Amino acid sequence: MRAAFPDFRLGTVLATSFTGTLSERHGEAVERIPTPQRLVDWLAVNGLAVDSCTTAQLDLARELRESIHAAATAAAIQDALPAAAVQVINDCSARGRAAAILTPEGKRRWRLGSASCVEDALGVIAADAISIIAGERDGKLALCASPTCQAAFFDTSQSRTRKWCDMNTCGNRQKKARFQANQRKNPRSAE
């Protein structure tokens with residue numbers, strides 16, 4: 001990966017990992033796909049390799065990302081899905097060309113055509129978003145408890161009570177803040 005860019009935040013759910021390419025939405029936002037090449041990198045890391053990306057395709061990807069975020073957020077709080085977001089997701093899903101394949105390990109992977117383009121990869125991401133927002137997969141959509149993040153994530157924990165989109169970032173940051181606040185209130189407990 002290129003050192004000049006922030007690391008990707010990878011998860012197990014494609015659609016919500018994609019929305020994580022913009023983090024800290026309610027704080028100092030961190031854009032993880034600022035250039036077309038960076039989107040190509042993210043797609044490759046997620047098994048959706050494409051040869052190139054234009055600025056227009058990057059704009060489309062960001063529009064899809066924000067639409068998935070808006071729809072997933074609405075679903076997580078049991079609100080009506082925004083019609084404009086649903087339209088973008090559906091359009092991207094219909095536009096893409098990809099085939100589901102079964103790996104020898106019994107996993108589903110996506111195969112893009114030989115002349116794959118960004119739209120094909122975005123179609124896979126949109127289809128994944130549809131499956132989680134429609135409730136077709138075992139889990140539930142939730143919002144990160146971090147006040148600066150509030151990312152939508154797909155909770156597949158047994159109790160469905162996960163609080164953080166990523167324990168290594170948001171969860172640890174909140175635990176550290178709580179610990180430091182306790183240290184300030186009780187300075188002797190550090191001795």
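**Helix packing and pockets in the predicted model**

On the side of helix 4 the contact is made by I89, N90, C92, S93 and R95, while helix 5 contributes E119, D120, L122, G123, A126, A127, I130 and I133. Taken by class, the residues of this contact comprise seven nonpolar, three polar and three charged.

Helix 4 also packs against helix 3, which covers residues 55-76, with the two axes coming within 8 Å and crossing at roughly 125 degrees. That angle makes helix 3 oblique to helix 4, and the crossing of this pair is left-handed. In helix 3 the residues that take part are L60, E63, L64, S67, I68, A70 and A71, and these meet A85, V88, I89, C92 and R95 in helix 4. The contact of helix 3 with helix 4 is made up of nine nonpolar residues, one polar residue and two charged residues. Within helix 4, I89, C92 and R95 are listed in the contact with helix 3 and are listed also in the contact with helix 5.

The largest pocket holds about 400 Å³ of space, and it is lined by 14 residues, of which T12, L14, R108, R109 and W110 are the closest to its centre. At least two residues of this lining are supplied by each of helix 1 (14-19), strand 4 (108-112) and helix 5, with the largest share, three residues, coming from strand 4. By class, the lining of the largest pocket divides into five nonpolar, five polar and four charged residues.

The second largest pocket has a volume of about 280 Å³ and is lined by 16 residues, those closest to its centre being G11, T16, S17, F153 and C165. Helix 1 and strand 6, the latter formed by residues 152-155, each supply at least two residues of this lining, and helix 1 likewise supplies at least two residues to the lining of the largest pocket. The lining of the second largest pocket consists of seven nonpolar, six polar and three charged residues.

Conventions. Residues are numbered from 1 along each chain as its sequence is written. This is a predicted model: local features need pLDDT of at least 70, side-chain atom pairs count only at pLDDT 80 or more; totals for chains, interfaces and linings use all residues. Side-chain values use heavy atoms; hydrogens and water are left out. Contact means heavy atoms within 4.5 Å. Helices (H or I, at least four residues) and strands (E, at least two) are DSSP runs, numbered from the N terminus. Ala, Val, Leu, Ile, Met, Phe, Trp, Tyr, Cys and Pro count as nonpolar, Asp, Glu, Lys and Arg as charged, and the others, Gly among them, as polar. On a 1 Å grid over the protein atoms alone, a cavity is a set of points where a 1.4 Å probe fits but cannot get out, and a pocket is an open set with protein on both sides within 12 Å along at least five of seven lines; lining residues have an atom within 4 Å of a point. Grid points are joined across faces, edges and corners, and a volume is the space filled by probe spheres set on the points. Axes are lines fitted to C-alpha atoms, for helices over the stretch in contact, and angles run from 0 to 180 degrees between N-to-C directions. Angles under 35 degrees count as roughly parallel, over 145 as roughly antiparallel, 65 to 115 as roughly perpendicular and the rest as oblique. A crossing is left-handed if the near helix is turned anticlockwise from the far one by less than a right angle, and right-handed if clockwise.
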